[in-house]
Amino acid sequence: MRMRALGRLGHTVHGTDTGVPWRQASWLRRQIGRRLQSGSIVEAINHAALAAAADFQPDLVWAEKQEYLRRETLEEMRRLGARLVHFTPDPYFSLQWKRTPLMDQAMGAFDVLVYCKTYELADYSVLGKPLIYMPLGYCDEVHRPLPSGDSRWACEVGFLGGWEPRRESALHSVARTGADLKIWGGYWDFLADGRWTPRRRIILGQLAGSAPFRIRRDDVLAPVLQGGEVYGDDYARALTGSQIGLGFLRSTWPDQHTTRTFEIPACGSMLLADRSDEHRDFFEEGKEAEFFSSTEELVDKVRYYVRNETERQRIAQAGLKRCAASGYSYLRRLEVALGTLKRVGI
């Protein structure tokens, strides 16, 4: 979505999907590559990136969520005439399992670091590079009101996102209110089948951090699970069809906003999210979005806005207008970021 936005801003853009070597490799080769930070997958990623740079001769390389580029690959790109920008929508320094030794070594080779996690500013600053803060956003081509006559996308309260223990507990409480709740996302399926597997235990343990959890069926949440992640127009349909869109922050790292912070109101749903300083900067509480600081407050606001349709619609429409007026789309975010790049001489 960010790549398309760069094209819409008038730039000629060539994309290189460095995820291809991972998807084509066996499970064993993936594990070896991650552990050793070398091997055929890592070689293929660096070869593809460098070959694309040699062929396309870019003025600017935007390294999006890269973890396995070598420093020498980046330095060769610079010798070809490119300036180098690093960006990841995820926390990088805050979670050990998201960091890689290769990117730790390569980070200092970039000309500019674009970050979206304010709590990682000090970590980025240590590298001594020009920094640009670019919050997350939404894609106006994808995330827009998209009503559907298909009942599978309609509900009073919707959540699109991955599992973690706090979300499970909070959504269990929401479901018990009797509200029409639907959940789409990854790693919720154990609440329906109750099966314990080693792989499931490892993945859920990473997502849970230090929070306790149990792998077992939840008879309250099982009926509201709609399946795994949805994308594109179906994602927009699910958000549009949710009268109230829940925006949970992760409890395992100190996020202040996520992509859903903007995607939910951009699709015309009322955002009901964790209360944070950044959320309250982006949207005026009670007028453009609603926030909660506890499960009890979440449940109270769900009950209130399910019953008060006119007020809910007023807030939803105000949130939609704020997204456009304040430039929360990737198109506007990148326009600002590129302008800042010019000012720092990139």
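Buried residues are those under 20% relative accessible area, exposed residues those over 50%, and partly exposed residues those in between, with a 1.4 Å probe and protein chains only. By that scale K65, at 41% relative accessibility, counts as partly exposed. K65 lies in the loop between β1 and α5, and its phi is near 55 degrees, a positive value in a residue other than glycine.

The structure is a predicted model, in which local features need pLDDT of at least 70 and side-chain atom pairs count only at pLDDT 80 or more, while totals for chains, interfaces and linings use all residues. Residues are numbered from 1 along each chain as its sequence is written, and side-chain values use heavy atoms, with hydrogens and water left out. Helices (H or I, at least four residues) and strands (E, at least two) are DSSP runs, numbered from the N terminus.

Five bridges link β1 to strand β2 (residues 83–87) in the parallel sense, and A63 stands opposite H86 in β2. On to β3, β2 pairs in the parallel sense over three bridges, where V112 in β3 is the bridge partner of V85.

In a regular strand the side chains alternate between the two faces of the sheet. Strand β3 (residues 112–115) has V112 and V114 pointing one way and L113 and Y115 the other way, and all are buried.

Helices α4 (residues 40–56) and α5 (residues 71–79) form a pair whose axes come within 10 Å and cross at roughly 5 degrees. Axes are lines fitted to C-alpha atoms, for helices over the stretch in contact, and angles run from 0 to 180 degrees between N-to-C directions. Angles under 35 degrees count as roughly parallel, over 145 as roughly antiparallel, 65 to 115 as roughly perpendicular and the rest as oblique; α4 and α5 are therefore roughly parallel to each other. Their contact (heavy atoms within 4.5 Å) is made by N46, A49, L50 and A53 of α4 and T73, E76 and M77 of α5. By class, this contact has four nonpolar, two polar and one charged residues. Here Ala, Val, Leu, Ile, Met, Phe, Trp, Tyr, Cys and Pro count as nonpolar, Asp, Glu, Lys and Arg as charged, and the others, Gly among them, as polar.

Over residues 167–335 the chain is 49% helix and 11% strand, and the end C-alpha atoms are 34 Å apart.

A second sheet comprises five strands in the order β6-β5-β7-β8-β9, open and with parallel pairing. Strands β6 (181–184) and β9 (290–292) stand at its edges with a single partner strand each, so one side of each has no neighbour in the sheet. Neighbouring strands are turned by 25 degrees against each other on average, direction ignored. Helix α14 packs on this sheet, touching β5 (155–160), β7, β8 and β9, and its direction makes about 150 degrees with that of β9.

Within the sheet, β5 and β6 pair in the parallel sense over four bridges, and L181 in β6 is the bridge partner of V157. From β6, L181 and I183 point one way and K182 and W184 the other way, and all are buried. Y187, in the loop between β6 and α9 (190–193), has a positive phi of about 70 degrees although it is not a glycine. Strand β7 (residues 242–247) is joined by four bridges to strand β8 (residues 270–274), which runs parallel to it, and G245 stands opposite L271 in β8.

Helix α14 (residues 295–307) also meets helix α15 (residues 309–325), their axes coming within 5 Å and crossing at roughly 105 degrees. The two helices α14 and α15 are therefore roughly perpendicular to each other. Y304, Y305 and R307 of α14 and E309, E311, R312 and I315 of α15 make the contact.

Terms used:
Pairing = 2+ DSSP bridges.
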